[in-house]
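Start with the terms, then follow the helix to the pockets.

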Amino acid sequence: MTLHRTVRSPVFLASLALLLVNDLYFKAQFGNWFTGKLSDFAGLVAFALFWSALFPRRSKLVHFAIGVGFVFWKLPLADPMLTLWNSLTPLDFARATDLTDLM
């Protein structure tokens, strides 16, 4: 599937819309465990579809790398990398290390 077709696909558009509505409205209104999981799920779907469309011949590798990257990001193993990044750049990143996100 080409990038042009992917960004117009119902699954991509729905996951992107859900991510935006959840992050901009639902989290502020409800802010519970479900809104956190919803962001992760919708974001991973949209992110994987986008990068798979850019590299269609490497789709399985893209999905695998996104999965491994997400797991790494959610583990305390990423703390030193995040600390180093935040000390060297003006863009500070923060994250919640909630291991239930790995379900």
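Contact here means heavy atoms within 4.5 Å. Helices (H or I, at least four residues) and strands (E, at least two) are DSSP runs, numbered from the N terminus. Buried means under 20% relative accessible area, exposed over 50%, and partly exposed in between (1.4 Å probe, protein chains only).

This is a predicted model, where local features need pLDDT of at least 70, side-chain atom pairs count only at pLDDT 80 or more, and totals for chains, interfaces and linings use all residues. Residues are numbered from 1 along each chain as its sequence is written, and side-chain values use heavy atoms, with hydrogens and water left out.

What do the buried residues of H3 pack against? They pack against helix H1 (3-6), H2 and H4. Among these buried residues are Thr-35, Leu-38, Ser-39 and Asp-40. On the H2 side, look at Asn-22, which is found in that helix. Asn-22 is buried, with a relative accessible area of 0%. Not counting residues up to four places away in sequence, Asn-22 touches Lys-27, Thr-35, Leu-38 and Ser-39.

Now the open space. On a 1 Å grid over the protein atoms alone, a cavity is a set of points where a 1.4 Å probe fits but cannot get out; a pocket is an open set with protein on both sides within 12 Å along at least five of seven lines, and lining residues have an atom within 4 Å of a point. Grid points are joined across faces, edges and corners, and a volume is the space filled by probe spheres set on the points.

The largest pocket has a volume of about 400 Å³. Its lining has 18 residues, with Ser-39, Asp-40, Phe-70, Trp-73 and Lys-74 nearest the centre. H3 gives the most, with 6.

The second largest pocket holds about 200 Å³. Its lining includes Asp-40, Phe-41, Phe-70 and Met-103. H3 and H4 each supply at least two of its lining residues.
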